[in-house]
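Work through the exercises below with the sequence and the coordinates open. Try each task before reading its solution.

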Amino acid sequence: MKLKKLAVLTMAAAMTAGALAGCSSGNKTETTAGETTAAVTEASKAEEATTAGEAAAEGKGQIYYLNFKPEVADIWTELAGKYTDETGVPMKVQTAAAGTYEQTLKSEVAKKEPPTLFQINGPIGYKAWAKYCLDLKDSAIYGHLLDKDMAVTEGDGVYGIPYVVEGYGIIYNDAVMQKYFALDGAKAASMEDINNFDTLKAVAEDMQARKDEIGIEGVFASTSFAPGEDWRWQTHLANLPIYYEYKDDNVGDKDAIDFKYSDNFKNIFDLYINNSCTDPKMTGAKNVEDSMAEFALGKVAMVQNGNWGWGQVSGVEGNTVKEEDVKFLPIYTGVSGEEKQGLCIGTENFFSVNSQASEEDQQAALDFLEWLFSSETGKDYVTNKLGFIAPFDTFADNEKPVDPLAKEVDRYMSNPELYSVSWNFTSFPSQTFKDNFGASLLQYAQGGKEWSAVVDEMKADWANEKAMTK
Amino acid sequence: MQKSMKRYFPIFVLPTLIAFIIAFLYPFIMGIYLSFTEFTTVKDATWVGLSNYKKIFLDQNFINALVFTVKFTVVSVVTINVFGFLLAYILTRGIKGTNLFRTVFFMPNLIGGIVLGYVWQLLLNGILAGFGVTLSFDAKYGFMGLVLLMNWQLIGYMMIIYIAGLQNVPGELVEAAKIDGATKMQTLFRIYIPMVMPSITICLFLTLTNSFKLYDQNLALTAGGPGRQTAMLAMDIFTTFYGRVGWEGVGQAKAVVFFLMVAVISLTQLYLTRRKEVES
């Protein structure tokens, strides 16, 4: 009996200890999510093994890149092999599963062989990784950067180099729109007429009312609010009012926000949820993929997303949208002068070099960046396989991605009459802020919260989170 | 025999001990240490004393999560054990197909929490769609969903433990009670339940700690939604850790507090129920 008692007690102790050990070991060892989808091909591993010896002898260093974009994981691995073939410098690429980059980076950096090249998501990300970011002011790649303002800087130092320009707006299906314009009493004659919120609203509401005539289920795709799927609203859409507020005050960041364009946010948000194929009450179960699929299958005419979403449209089985019909419309919210507004253009992908890696490894990483964005092979991968619009002067006009949305981004950017909305959400205080705002929006969409409460809470939360992360 | 056992004790225990130190003790101590520091990765920690602990209560999230967790734990511990015991009682009556039923009831326990969470999310959302709402519409749906899911998963496991306990109740005791004229209810409460007290101790302990520490099911089913209203303690710790720049240590401090709570609660429970155990 005594033995049994002892056994029970030990078991109890072991299990309770597990409560804490479980939590702490999660950050120490590799996250399983990262591990399972991490893509390191056997080929590049073998490559590394054979060349690592020689390279070390020549003092060339080696590269370990932690990739952020799971959708191009295989291409990065292929690219790494190619680079090793050409230069003999061993290169390893690992990919964090969607949404786990910070976690994976945290555990990878603590390892004996940490990533030498990684990415931060802007000024807020830089705050977390400042100790690990090398000053890239003198690097060749910074010299090639077209718009130096885009880089992440602090004081004189340059700590993050943007490597891709992305744009988002309202993606529309031109075939559906043409069908509508052909109807009697259409509120607009062509897409050119839709250049402000009032027209957009009139058109969207008329289309919704006559959806059976046009053959759609709703104008807008689902306003996805499943857990972790609300970034199109709490981050991307929220960028517009913040952009205009910053612009009015001529600043790039604020400790407290007035959210004075909240009504404009409400305009477009209401339009989305009330003229959709999905009942506002059901949005809590929808994810981004659902929305993109609805668009791809021709069930809806419009969906808010960025040029990275092309893969999600073209990859849907049985999609009915033709490549030439996929176009961008700026997100109009009813701000005065918005007829001249273009897409939201920016990036939250910045390369950083690990300042705590050995000098050879740092140099190797810089050499790789130089190669990637200026050699023929590298540039070919960037534009044609990774599909990035690269913000460097090494790319000629004909070296641009050819998917329809990237072409649209380019069309808007090169139109001198339009101004682009920059990405200011990189200055949003924290993930917690975004999550809270998203939750608030969902409750509003479901009818459980007043709009004024959403605004008040958003403002309070902004100030609070800014203060807490000081 | 006893003597040679003693002599070789260190050799036999060594592999497990090493594994225990590496996988348990070291992370555990490291975890406590990190709760007093500010860090980005575990290697560059700087000592900040108790400030992380002070920050725990800066927002309401921890308290809200605690309240939700306690509510959930109370409801699920009661329901799981009552249903588990009832099933065990029924399936030791020698009815037809007992073995099949036991297997079927045990099977949900073999499925991982995340998978289970997503499957139930689909099922519940499918049902709720009929009423025009979703799981994240109101915290009460998330709460009920979690209780339902937890019951479904753990009842079978607890049932097996109760069955083992019930089968060990000596037949002569039951028979003697019958001859003395005890009713079915009296036999249940006066003979069976006191005799399976060791099983109850284990089952209460398992359900209590499992419900209190729940994470995967919580993540997969509601992910805390709406807002953070259905986030339990473990999830709150995780979101604190990654939710704000520089708050890793606070998450860690919450984890230490969490550990102390689980330890105190479960040890109290063990002490209380063990007192009730009887020898036959």
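The exercises that follow concern a predicted model.

**Exercise 1. Confidence**

Task: State the average pLDDT of chain A, and find where in chain A pLDDT stays under 50.

Solution. Step 1: the average pLDDT over chain A is 83, and 87% of the residues score at least 70. Step 2: the stretch with pLDDT under 50 is residues 18-57 of chain A. Step 3: the model has 79 contacts beyond four places in sequence for residues 18-57 of chain A. Step 4: where pLDDT is low, the predicted coordinates should not be read in detail.

**Exercise 2. Domains of chain A**

**Exercise 3. Strand β6 of chain A**

Task: Which strands pair with β6(A), and in what sense?

Solution. Step 1: β6(A) spans residues 166-173, and eight of its eight residues are buried. Step 2: β8(A), residues 300-306, runs antiparallel to β6(A) and is joined to β6(A) by five bridges. Here A:G169 stands opposite A:N305. Step 3: β9(A), residues 326-329, pairs with β6(A) in the antiparallel sense over four bridges. In β9(A), A:V326 is the bridge partner of A:N173. Step 4: β10(A), residues 341-346, pairs with β6(A) in the antiparallel sense over three bridges. A:I345 of β10(A) is the bridge partner of A:G167.

**Exercise 4. The two faces of β9**

Task: Sort the side chains of β9(A) by face, and say which are buried.

Solution. Step 1: in a regular strand the side chains alternate between the two faces of the sheet. Step 2: along β9(A), A:V326 and A:F328 point to one face and are buried.

**Exercise 5. Nonpolar cores**

Task: How many residues are in the largest nonpolar core, and which of them have the most contacts inside it?

Solution. Step 1: the largest nonpolar core has 126 residues. Step 2: those with the most contacts inside this core are A:I63, A:I171, A:F295, A:V300, A:A301 and A:M302. Step 3: domain 1 and domain 2 of chain A each give at least three residues to this core. Step 4: leaving aside neighbours within four places in sequence, the contacts of A:F295 are A:I171, A:N173, A:A221, A:V300, A:V303, A:V313 and A:V321. Step 5: a second, separate core has 62 residues, including B:F72, B:L116, B:F259 and B:L270.

**Exercise 6. Chain B and its contact with chain A**

Task: Describe the make-up of chain B, then the side of chain B that touches chain A.

Solution. Step 1: chain B has twelve helices and two strands, in the order α-β-β-α-α-α-α-α-α-α-α-α-α-α along the sequence. Step 2: 41% of the 280 residues of chain B count as buried. Step 3: the contact takes 42 residues from chain B and 40 residues from chain A. Step 4: α1, α5, α9, α11 and α12 of chain B each give two or more residues to this side of chain B. The largest share, ten residues, comes from α12(B). Step 5: the side of chain B that touches chain A has 24 nonpolar, 14 polar and four charged residues.

**Exercise 7. Positive phi in a loop**

Solution. Step 1: A:N250 and A:F259 are in the loop between α12 and α13 of chain A. Step 2: neither is a glycine, yet phi is positive, about 60° at A:N250 and about 50° at A:F259. Step 4: A:F259 has 18 other C-beta atoms within 10 Å, so A:F259 is partly exposed.

Note on methods: Residues numbered from 1 in each chain as written. Chains lettered and ligands numbered in written order. Predicted model: local features only at pLDDT ≥ 70, side-chain atom pairs only at ≥ 80, totals over all residues. Contact = placed C-beta atoms within 7 Å. Nonpolar A, V, L, I, M, F, W, Y, C, P; charged D, E, K, R; others polar. Buried ≥ 20, exposed ≤ 12 C-beta atoms within 10 Å, placed from the backbone. Pairing = 2+ DSSP bridges. Core = buried A, V, L, I, M, F, W, Y, C linked by C-beta atoms within 7 Å. Domains from an automatic or database assignment. pLDDT = per-residue confidence, 0-100.
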